[in-house]
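Subject: Structure for you to look at

Hi,

Here is the structure I promised to pass on. Please open it first, then read my notes below.

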Amino acid sequence: MSFRLITVFAAALLLAACQTAPEATKSTAGKGGAAPPGASTEQGAGGAGGAMPSVAPGTQADLVANVGDRVFFDYNQADIRADARTRLDAWADWLKKYPQVTAVIEGHCDERGTREYNLALGERRASAAKSYLMAKGINAKRIQTISFGKERPAVLGSNEAAWAQNRRGVLVVQ
């Protein structure tokens, strides 16, 4: 009798654990950036699709929801693309709106190339974004750079769609 009761209880717990997560706790990883050319743009900043919850001004969540936190680069390049200029202009405006905010620009690469090469390329990408922001009037002391090279991919995969998402610069509020 006791074994049967334990078995029923364990089955109930197992079924409860399989329940779908509520909408508020589902991951939003990857949101907040303009998609690379050819990718779907449904999930961008301020996109349609339900009311966005209120976020505290001047926070990472505010940046992601209202501006977007990433820019993309072409293969083996650290040059600022035209679509990235638009995003970087928005970053500069956002940083001017919140002068107390400091940030780090992360440089990332796709998986191709050596670790050392990609760390250097990631640094050039982060530095290019920082230089652009400085030219727009943002004090260099407010922005640090770091390169993660190919060590932190946003999308797993060995194809152009994944690589395009991984060649990026990300603005992270401190």
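R112 lies over the face of W163. The distance to the ring centre is 3.7 Å. R152 does something of this kind with F148: its charged end sits over that ring, 3.8 Å from the centre. Keep in mind that this is a predicted model.

Next, the aromatic rings. A pair of them is described by two things: the distance of the centres and the angle of the planes. The count here comes to one aromatic pair. W94 and Y98 form it.

Now the largest nonpolar core. It has 23 residues. Among those with the most contacts inside it are L63, L88, W91, W94, I105 and L133. Which elements supply at least two residues each? They are α3 (82-97), β2 (103-108), α4 (115-135) and β4 (168-173). The largest share, six residues, comes from α3.

Leaving out residues up to four places away in sequence, W91 touches L63, V67, G68, D69, R70, V71, L133, G169, V170 and L171.

Last, N166. Is N166 buried or exposed? Its relative accessibility is 3%, so N166 counts as buried. N166 is found in helix α5, residues 160-166. With residues up to four places away in sequence not counted, N166 touches H108, C109, D110, P153, A154 and V155.

Best wishes

Terms used: Residues are numbered from 1 along each chain as its sequence is written. This is a predicted model: local features need pLDDT of at least 70, side-chain atom pairs count only at pLDDT 80 or more; totals for chains, interfaces and linings use all residues. Side-chain values use heavy atoms; hydrogens and water are left out. A nonpolar core is a set of buried Ala, Val, Leu, Ile, Met, Phe, Trp, Tyr and Cys residues joined through side-chain atoms within 4.5 Å. Buried means under 20% relative accessible area, exposed over 50%, partly exposed in between (1.4 Å probe, protein chains only). Helices (H or I, at least four residues) and strands (E, at least two) are DSSP runs, numbered from the N terminus. Contact means heavy atoms within 4.5 Å. Rings of Phe, Tyr and Trp (its six-membered ring) pair if their centres lie within 6.5 Å; planes under 30 degrees apart count as stacked, over 60 as edge-to-face and the rest as tilted. A charge sits over a ring if NZ of Lys or CZ of Arg is within 6 Å of the ring centre and within 35 degrees of the ring normal.
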